[in-house]
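Welcome, and please open your viewer. We will go through the structure stop by stop, with something to select at each one.

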Protein chains: 2
Amino acid sequence: MDIVQIAKDAREAGNLLQLASPEQKSLALKSIKQVLSQHKQEILDANAKDMELALKEVEAGRLSSSLYKRLDINGKNGEKFETMIKGIDEVDLLQDPTGEITLARKLDDKLSLYRVRCPVGVILVIFEARPEVVVNIACLAIKSGNAAILKGGKEASNSNHVLAKLIKQALTNVSEECLANNRFPHEFPRNAVQLVDKREEIHDLLQLDKYIDLAIPRGSNSLVKSVQNNTRIPVLGHADGLCSIYLDESCDLEKAIHVVVDAKTDYPAACNSVETLLVHSSILESKFPFVAKALLSMNVLLHLDSASKAALKNDIQSYSNLIVDAKDEDYDHEFLGLEIAVKVVSSIDEAISHINEHGSKHTDAIITESESNAEFFMRKVDAAGVYWNASTRFADGFRYGFGAEVGVSTNKTHARGPVGLEGLTIYKYKLYGNGQGASDFGLGSEKKQYKHEDIKL
Amino acid sequence: MDIVQIAKDAREAGNLLQLASPEQKSLALKSIKQVLSQHKQEILDANAKDMELALKEVEAGRLSSSLYKRLDINGKNGEKFETMIKGIDEVDLLQDPTGEITLARKLDDKLSLYRVRCPVGVILVIFEARPEVVVNIACLAIKSGNAAILKGGKEASNSNHVLAKLIKQALTNVSEECLANNRFPHEFPRNAVQLVDKREEIHDLLQLDKYIDLAIPRGSNSLVKSVQNNTRIPVLGHADGLCSIYLDESCDLEKAIHVVVDAKTDYPAACNSVETLLVHSSILESKFPFVAKALLSMNVLLHLDSASKAALKNDIQSYSNLIVDAKDEDYDHEFLGLEIAVKVVSSIDEAISHINEHGSKHTDAIITESESNAEFFMRKVDAAGVYWNASTRFADGFRYGFGAEVGVSTNKTHARGPVGLEGLTIYKYKLYGNGQGASDFGLGSEKKQYKHEDIKL
């Protein structure tokens with residue numbers, strides 16, 4: 001299909017979704033759930049084809065086995081499929097993020113200004129591997145009132161196609177139901193969710209800023225940068241994370257050990273895992289060795305600078321296979337595994353400077369018993385998440401209580417940190433007048449003055 | 001000076017500004033006011049040089065006289081200079097946009113999450129001509145806690161340089177005062193506002209997304225597009241506006257005349273002036289001729305489609321110099337003068353489709369006595385401002401009561417419509433813990449459950 005037509009259809013669907021009532025959006029999600037459940041076997045068959053092709057790639061050494069595992073849409077005893085279906089209900093139950101009034105001001109009698117939360121419009125989501133993302137993003141887009149164009153990984157092509165086809169069928173059902181039912185004054189768009197699957201199509205779509213409002217690449221840093229470099233469309237970067245934890249002079253040892261071990265070992269491949277440990281020099285001999293040994297006992301490889309290595313002199317022998325000298329580039333590296341770079345700093349300022357220079361503005365934590373140091377750190381560290389005595393692993397939409405997340409943004413504008421439904425919305429200003437012109441207001445006795453009074457809601 | 005060093009200095013200043021108290025920021029604005037007032041003659045002398053050089057350009061036909069006028073920083077009897085100085089006080093009096101808590105949630109006992117409004121960081125503002133913009137943007141940046149790099153037009157080079165030099169002197173004074181005064185725990189950055197003036201430097205700065213968080217081009221559409229095409233930095237587009245007004249079937253004639261005439265003639269060169277008038281076919285013979293004649297009597301040139309031209313058949317003779325046939329491209333054109341394109345539509349849907357296809361998402365209005373049509377229009381038109389029975393000219397930060405504006409954004413993300421101090425802020429998530437790890441939570445009896453309770457503020 002013509003790529004411009006897909007984008008135009010998405011824009012038209014987005015415009016219609018601006019009118020969709022919460023009830024209509026809920027019907028759409030329920031319809032998706034029903035159609036996917038009814039066609040489970042068709043989905044599994046398509047997925048089996050993808051798995052079969054992928055297995056050959058794994059055997060040929062062209063695909064990692066972890067990626068292969070992520071392709072599986074059914075899981076053990078169908079658990080993954082059930083989770084996917086349950087996820088539709090969960091999004092359905094979330095509060096509608098649109099319609100909220102975030103500013104209400106009387107400019108004059110019979111001239112009232114409201115700022116109202118509304119969908120962004122059309123989002124383009126580029127993701128890799130896991131086919132269930134099609135369903136997840138489709139639901140988030142519809143719930144937030146956005147049309148979505150999805151581009152999945154080629155490994156999941158068969159699964160993605162069947163899922164997109166079934167979602168379209170579900171939306172067509174709702175559309176017809178709404179047309180046949182007087183309760184709904186407005187049509188529901190059949191094209192709210194569309195799939196493209198050729199890599200070249202992405203390049204073309206990225207030029208269509210007239211029709212697409214927001215691009216969300218979910219994947220590697222290089223994917224995010226490549227999208228940013230090739231479009232005028234705003235990009236919500238779901239980048240990986242280079243998170244740091246700073247052990248302050250007055251840190252509590254027990255908290256330090258628990259938080260650092262959790263942040264490193266709970267799920268090392270996650271973007272919110274810690275990659276750099278900064279240690280105040282005053283606790284190098286006293287507390288640091290205990291933290292280091294807790295990590296070593298969990299099989300974490302330590303990249304140590306000379307000062308931290310010296311502090312571990314008594315233990316180097318026993319853990320020689322888990323201790324290496326840190327290189328400069330280790331402090332800019334996401335290990336995404338059981339490895340961590342350690343650096344000794346002589347002050348909280350040095351720790352903050354290091355994080356602001358080397359971190360990825362994702363999530364950084366301080367372990368300290370000093371409230372003033374904690375507040376100083378939390379204000380001056382430039383990251384989406386700044387934590388006091390808590391693991392960086394809490395940076396997650398579900399843990400924050402957002403119910404669902406589009407991803408974690410390391411952007412400095414629009415939406416930052418775990419992005420839920422609210423991050424897919426913007427606002428418009430509605431002005432309710434009675435025929436006024438701006439020239440009615442101004443200086444001079446014959447002119448009106450602005451009242452600028454807040455309207456109580 | 002080295003452009004990377006300027007960007008690094010800006011980042012460092014931005015990091016320090018994250019700590020600045022409202023009192024410190026107020027001191028900085030007062031210091032700027034004082035230093036600029038004391039050095040008025042130096043500013044006027046530099047401005048006179050710019051004016052002299054520009055006059056030669058005007059005489060040689062290379063510069064417009066309107067641009068020449070905008071260069072003048074003093075104005076008649078020094079009015080413009082006084083307005084500039086007064087503007088500093090006005091920004092000083094605005095509410096500090098940072099520190100506001102927009103979400104507070106108890107994840108568990110002693111694990112509290114807060115979303116706190118904070119400065120974006122470093123902004124790059126590219127503007128043309130008027131030198132007082134240096135002062136205006138400097139104040140908005142400081143008040144919102146951002147470091148700013150400014151690039152002005154080359155015509156105002158001498159004026160801009162003196163203003164930037166004096167602002168730096170003012171900030172240095174505050175910095176020293178803060179260092180000498182125990183009340184202020186944190187330093188105030190001297191490099192909060194920096195000026196660059198070579199066109200090539202912009203290209204280099206646009207590559208420095210590591211140090212610059214937001215680019216704000218204020219000027220022509222081509223400037224905005226060129227910035228968008230050459231950077232990974234998010235761009236807040238202060239684009240021009242293609243605003244439309246739709247006269248609905250049930251419009252009130254008096255309101256229609258007043259609003260349309262105001263929107264077209266109050267200040268035709270402004271981005272919030274109306275450029276396209278859409279007329280429902282049912283009022284073509286009854287109400288439209290009165291609206292058209294009101295515009296014609298104000299010397300507005302009408303670009304008429306065949307249907308609207310036919311409706312004016314009795315008047316074409318008398319206004320032959322003000323009536324031309326509309327071409328397709330007129331509906332995509334910003335006249336920015338006393339001209340308007342007129343198109344007849346057969347339904348509100350056609351009007352909305354036309355606006356969503358041809359408008360610039362700035363501000364669009366409907367004139368109608370039907371509340372349901374107004375609400376339908378306001379929801380489905382995709383623009384920063386959607387107005388009912390009010391002139392598009394109200395789209396302005398001062399009129400909205402924001403006190404000051406950085407510009408009007410036609411973006412779909414981050415900030416939309418007139419952008420005040422709030423548009424220069426983002427948020428960070430602060431998590432206050434007691435040593436918890438994410439692995440403490442989960443399924444199973446030994447694991448904790450998230451409480452996700454709202455915290456009352």
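Two residues are in contact when heavy atoms of theirs lie within 4.5 Å. Keep that cut-off in mind along the way, and remember that you are looking at a predicted model.

**Stop 1: chain A as a whole**

Select chain A and colour it by secondary structure: there are 15 helices and 17 strands to find. Its C-alpha atoms fill a box of roughly 80 × 75 × 35 Å along the principal axes. Of the 457 residues of chain A, 60% count as buried. Among contacts in chain A with a separation of 6 or more, 71% are between residues 24 or more positions apart.

**Stop 2: A:Ile73**

Next, select A:Ile73. You will find this residue in the loop between helix H4 (65-71) and helix H5 (79-93). Is A:Ile73 buried or exposed? It counts as buried, because its relative accessibility is 1% and the cut-off for buried is under 20%.

Now show what surrounds A:Ile73. Leaving out residues up to four places away in sequence, A:Ile73 touches A:Ile43, A:Leu44, A:Asn47, A:Lys80, A:Phe81, A:Met84, A:Pro131, A:Glu132 and A:Leu163. Pick A:Pro131 from that list: it sits 58 residues from A:Ile73 along the chain, yet the two C-alpha atoms are separated by 6.7 Å.

**Stop 3: A:Ser409**

Move on to A:Ser409, in strand S14 (residues 407-409). With a relative accessible area of 1%, A:Ser409 is buried. Which backbone atoms lie by polar atoms of the A:Ser409 side chain? One is the backbone nitrogen of A:Asn411, at 3.0 Å, and another is the backbone oxygen of A:Ala415, at 2.6 Å.

Show the contacts of A:Ser409 too. Neighbours within four places in sequence aside, they are A:Leu236, A:Gly237, A:Ala384, A:Ala415, A:Arg416, A:Gly417 and A:Val419.

**Stop 4: the two chains together**

Bring chain B into view. The same surface serves both copies, as 100% of the contact residues of chain A recur in chain B.

**Stop 5: the interface**

Select the residues of each chain that touch the other. How many residues of chain A are in contact with chain B? There are 85, and they meet 85 residues of chain B. About 7200 Å² is buried between the chains, and carbon and sulfur atoms give 51% of that area. Highlight A:Arg232, A:Arg379 and A:Tyr429, which supply 10% of the area that chain A buries against chain B, more than any other three residues.

Look next at the charged and polar pairs. Ten salt bridges cross the interface of chain A and chain B, and 59 residue pairs between the chains are in polar contact. For one of the salt bridges, zoom in on A:Lys430 and B:Glu375, where the closest N and O atoms are 3.5 Å apart.

Finish by selecting strand S16 (residues 425-436) of chain A, which gives the most to the side that touches chain B, with eleven residues. Colour that whole side of chain A by residue type, and you will see 36 nonpolar, 23 polar and 26 charged residues.

How values were computed: Residues numbered from 1 in each chain as written. Chains lettered and ligands numbered in written order. Predicted model: local features only at pLDDT ≥ 70, side-chain atom pairs only at ≥ 80, totals over all residues. Heavy atoms only, no water. Helix = DSSP H or I, 4+ residues; strand = E, 2+ residues; numbered from the N terminus. Buried < 20%, exposed > 50% of the residue type's maximum accessible area, 1.4 Å probe, protein only. Polar contact = N/O pair within 3.5 Å; in protein donor to acceptor, adjacent residues only side chain to side chain. Buried area = accessible area lost by both parts, 1.4 Å probe. Salt bridge = Lys/Arg side-chain N within 4 Å of Asp/Glu carboxyl O. Nonpolar A, V, L, I, M, F, W, Y, C, P; charged D, E, K, R; others polar.
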